Amino acid sequence: MHELPQQLANGLALGALYGLIAIGYTMVYGIVQLINFAHGEIFMIGGFGALTAYIALPSGTSLLVAIPLMIVGGAIASVAVATAAERFAYRPLRNAPRLAPLITAIGLSIVLQQLVWGLYPDAKKPRSFPEIQGESFKIFDNLYLQRADAFVLVLAPACMLALGLFVAKSRSGRAMQATAQDPDTAKLMGINTDRIIVMAFAIGAAFAAVAAVAYGVDKGQINFEMGFILGLKAFTAAVLGGIGNIYGAMVGGVVLGLAESLSIAYIEEIPGMQQLGGGAWANVWAFVLLIVVLLVRPQGLLGERVADRA
Amino acid sequence: MRHRSLLILTTALTTGALTLTACGSRDDNKGGGDDSGKKTTVVIGVDAPLTGSLSALGQGIKNSVDLAAKTANKNNEVPGIEFKIEALDDQAVPASGKANAAKLVGNKDVIGAVGPLNSGVAQSMQGDFEKAGVVQVSPANTNPALSQGDNWGKGEFKRPFKTYFRTAATDVVQGKFAAQYLYNDAKKRKVYVVDDKQTYGAGLAAIFSAEFKRLGGKIAGTDHVTVKETDFSSTADKVKSSKADSVYFGGQYPEGGLLSDQIKKTGAKIPTMGGDGIYDPAFISASGVANDGDFATSIGYPVEKLPTAKKFIADYEAAGYKDPYAAYGGYSYDAGWAIIQAVKSVVAANDGKLPADARAKVVEAMAKVSFDGVTGKVAFDEYGDTTNKQLTVYKVEGKVWKDVKSATFED
């Protein structure tokens with residue numbers, strides 16, 4: 001158990017990343033009840049946007065200066081693609097049966113992957129990404145916090161807090177809540193629901209870009225396929241936390257991240273479970289946890305029970 | 001009306017997606033201006049991951065076979081025969097490999113094929129080639145079961161597919177060689193073994209572990225990672241707390257590079273060793289963390305150091321391919337050249353013409369092929385395995401792989 005703090009830190013950092021991506025699923029679902037399966041690719045495009053921004057900067061720029069600009073560059077790319085997807089792929093299908101936009105989202109995800117694969121220079125193999133250098137911070141004897149993990153652990157809660165305040169306090173945020181509750185009535189009250197929906201897509205995409213930069217500076221590489229598995233995990237996190245609830249996305253992400261890292265470290269130490277532990281089984285245990293949570297709380301950890309949804 | 005426009009949109013999107021996918025797998029090899037109608041065209045199929053994270057290796061395979069075909073045409077190696085290649089992309093996915101195999105054997109001009117890269121993909125293709133009687137030469141498969149049957153571990157060798165050959169030495173040779181180097185030369189005693197659960201990686205890790213234990217070393221722990229995942233920090237911390245003095249990774253460079261980086265980031269200053277799957281520049285360049293001290297074994301002597309390879313390297317550079325020949329370039333060239341030599345002997349035995357049952361004849365001729373290739377003597381034993389058992393250990397020093405020991409493997 002000596003390494004427990006270290007494994008908790010790993011799980012938290014991974015979970016914070018899942019949470020940042022999960023915001024995109026949960027925002028869009030909360031407002032238009034669409035599962036935007038292309039969101040993993042929006043995350044990936046955010047990564048390539050950030051890389052482009054970095055390449056455009058004069059070489060030798062300190063990462064402290066570069067990272068904010070990379071987030072901006074990534075967000076421009078991901079928001080542009082997400083809003084275009086909303087306008088041209090999802091809006092025409094808004095009143096269609098629910099399966100139509102779902103399949104469209106899956107198709108869009110393939111299209112976006114192939115576009116980056118084909119059009120971005122050298123994207124056919126992993127591209128290296130500026131990585132945060134330096135020794136990890138020693139907190140205790142058995143807890144070293146890597147710089148990139150510290151970065152995401154500071155960034156994710158800060159972004160969440162900003163989003164929470166925005167939704168609760170600002171005029172647009174309240175319009176967003178109204179649209180989520182009842183789009184028709186919101187429209188009658190003079191809310192431009194189309195604009196609100198675009199905003200939901202844009203906010204989700206901006207969070208995905210932040211996540212992509214956090215991912216890149218940690219792993220030191222990005223590739224055109226990276227959105228698929230992470231998108232799936234983030235979607236799982238959103239469901240686990242209660243899809244439609246923005247705090248749920250973060251909570252779900254953290255729970256999922258912790259479940260993965262703790263199951264890698266400890267399942268194999270339970271007598272008789274040696275064969276079922278380690279990295280090979282982490283995803284199995286994460287999904288076992290998801291099923292158990294959904295059995296007890298079908299609406300997810302922080303979700304609200306809504307009769308006519310999901 | 002709404003439903004119609006919806007249908008059109010969905011169709012358009014799907015078509016778009018499919019077209020794009022198809023574009024990816026098409027090879028832009030334009031035969032061009034061969035106006036001589038008298039020459040018989042013989043196609044050598046190539047199957048390798050041309051896109052995706054393993055494309056660095058796959059492109060090297062494709063280009064090297066292309067170079068072999070072009071060299072044969074230029075030298076008029078087989079009079080009356082014009083060689084062409086047809087390269088298909090398997091994206092390292094077994095199902096794609098199977099579809100490609102079906103496509104290749106369906107083309108009556110295909111006389112043989114080079115590929116694939118991955119042992120797992122090879123498993124799905126062998127049956128199709130055998131049924132059609134088309135010779136297949138892999139430049140990179142190392143899993144012993146492919147040529148020696150599933151019970152090779154118990155000492156029962158039975159060749160499952162008579163059409164399957166390879167220019168790469170098996171994992172038995174490679175895994176044992178790695179264990180001997182790590183124990184005897186690098187003086188490591190406590191190794192942590194990680195694999196990626198794939199045919200290649202898991203097989204190699206098991207052979208390595210057995211030999212390392214036989215030599216007297218200790219296995220500090222084992223873990224598995226999932227292909228295409230990228231966060232291995234929990235596994236890395238397990239390695240650190242196990243106090244192992246080295247790590248052996250059975251798998252490919254995308255996961256291997258990340259694993260090595262993440263282990264080093266925990267503060268554990270221990271080397272990671274792997275097989276030819278991690279012996280690629282992308283293992284080092286994939287991230288900013290230094291990989292200094294990491295090891296990889298690969299088959300054969302360093303291509304750059306073989307006198308026989310000088311011409312290959314010069315020709316490859318002269319041909320101006322966009323991607324480097326990578327780890328398997330020499331083996332791919334030799335695999336392609338072996339098919340060309342087999343065709344040559346078949347044609348020579350048939351009065352300078354390609355016989356009607358050329359495919360079957362080429363399979364027979366393959367067993368007798370013997371020539372001095374890029375990687376040394378190229379010939380095949382009774383299982384279709386290469387008789388060449390030379391291996392090299394490479395070490396990362398300052399952003400590049402440097403060869404530290406080359407030897408012929410002895411059991």
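**Questions on the two-chain model**

Guide: In this predicted model, the contact between the chains takes 42 residues from chain A and 45 residues from chain B. On the side of chain A that touches chain B, the elements giving two or more residues are α1, α4 (99-119), α9 (226-241) and α10 of chain A.

Visitor: Which element gives the most to the side of chain A that touches chain B?

Guide: That element is α4(A), with 10 residues. The residues of that side of chain A divide into 17 nonpolar, 19 polar and six charged.

Visitor: Why does Ile31(A) count as buried?

Guide: A residue is called buried if 20 or more other C-beta atoms lie within 10 Å of its own. Ile31(A) has 22 C-beta neighbours inside 10 Å, and therefore counts as buried. Ile31(A) belongs to helix α1 (residues 4-32) of chain A.

Visitor: Which residues does Ile31(A) touch, not counting residues up to four places away in sequence?

Guide: Contact requires C-beta atoms within 7 Å. Leaving aside residues up to four places away in sequence, Ile31(A) touches Met176(A), Thr179(A), Ala180(A), Ile196(A), Ile197(A) and Ala200(A).

Visitor: What makes helix α8 (residues 233-241) of chain B mostly covered?

Guide: Eight of the nine residues of this helix are buried. They are Ser233(B), Ser234(B), Thr235(B), Ala236(B), Asp237(B), Lys238(B), Val239(B) and Lys240(B).

Visitor: Against which elements do the buried residues of α8(B) pack?

Guide: From chain A, they pack against α1 and α10 (246-266). From chain B, the partners are β6 (190-195), β7 (218-224), β8 (246-250) and α9 (253-265). Just after α8(B), Lys243(B) takes a positive phi of about 60°.

Visitor: How many residues has the largest nonpolar core, and which have the most contacts inside it?

Guide: This core has 115 residues, and those with the most contacts inside it are Ile44(B), Val46(B), Val247(B), Ala342(B), Val343(B), Val362(B) and Met366(B). Helix α12 (residues 329-349) of chain B gives the most to this core, with 11 residues.

Visitor: Why is this core said to lie between domain 1 and domain 2 of chain B?

Guide: Both domain 1 (37-169 + 306-380) and domain 2 (171-299 + 391-408) of chain B give residues to the core, so it lies between them. A second, separate core has 101 residues, including Leu20(A), Ile23(A), Ala238(A) and Val254(A).

Visitor: Which residues does Ile44(B) touch, not counting residues up to four places away in sequence?

Guide: With those set aside, the contacts of Ile44(B) include Val65(B), Ala69(B), Phe83(B), Ile85(B), Gly336(B) and Ile339(B).

Notes: Residues numbered from 1 in each chain as written. Chains lettered and ligands numbered in written order. Predicted model: local features only at pLDDT ≥ 70, side-chain atom pairs only at ≥ 80, totals over all residues. Helix = DSSP H or I, 4+ residues; strand = E, 2+ residues; numbered from the N terminus. Buried ≥ 20, exposed ≤ 12 C-beta atoms within 10 Å, placed from the backbone. Contact = placed C-beta atoms within 7 Å. Core = buried A, V, L, I, M, F, W, Y, C linked by C-beta atoms within 7 Å. Domains from an automatic or database assignment. Nonpolar A, V, L, I, M, F, W, Y, C, P; charged D, E, K, R; others polar.
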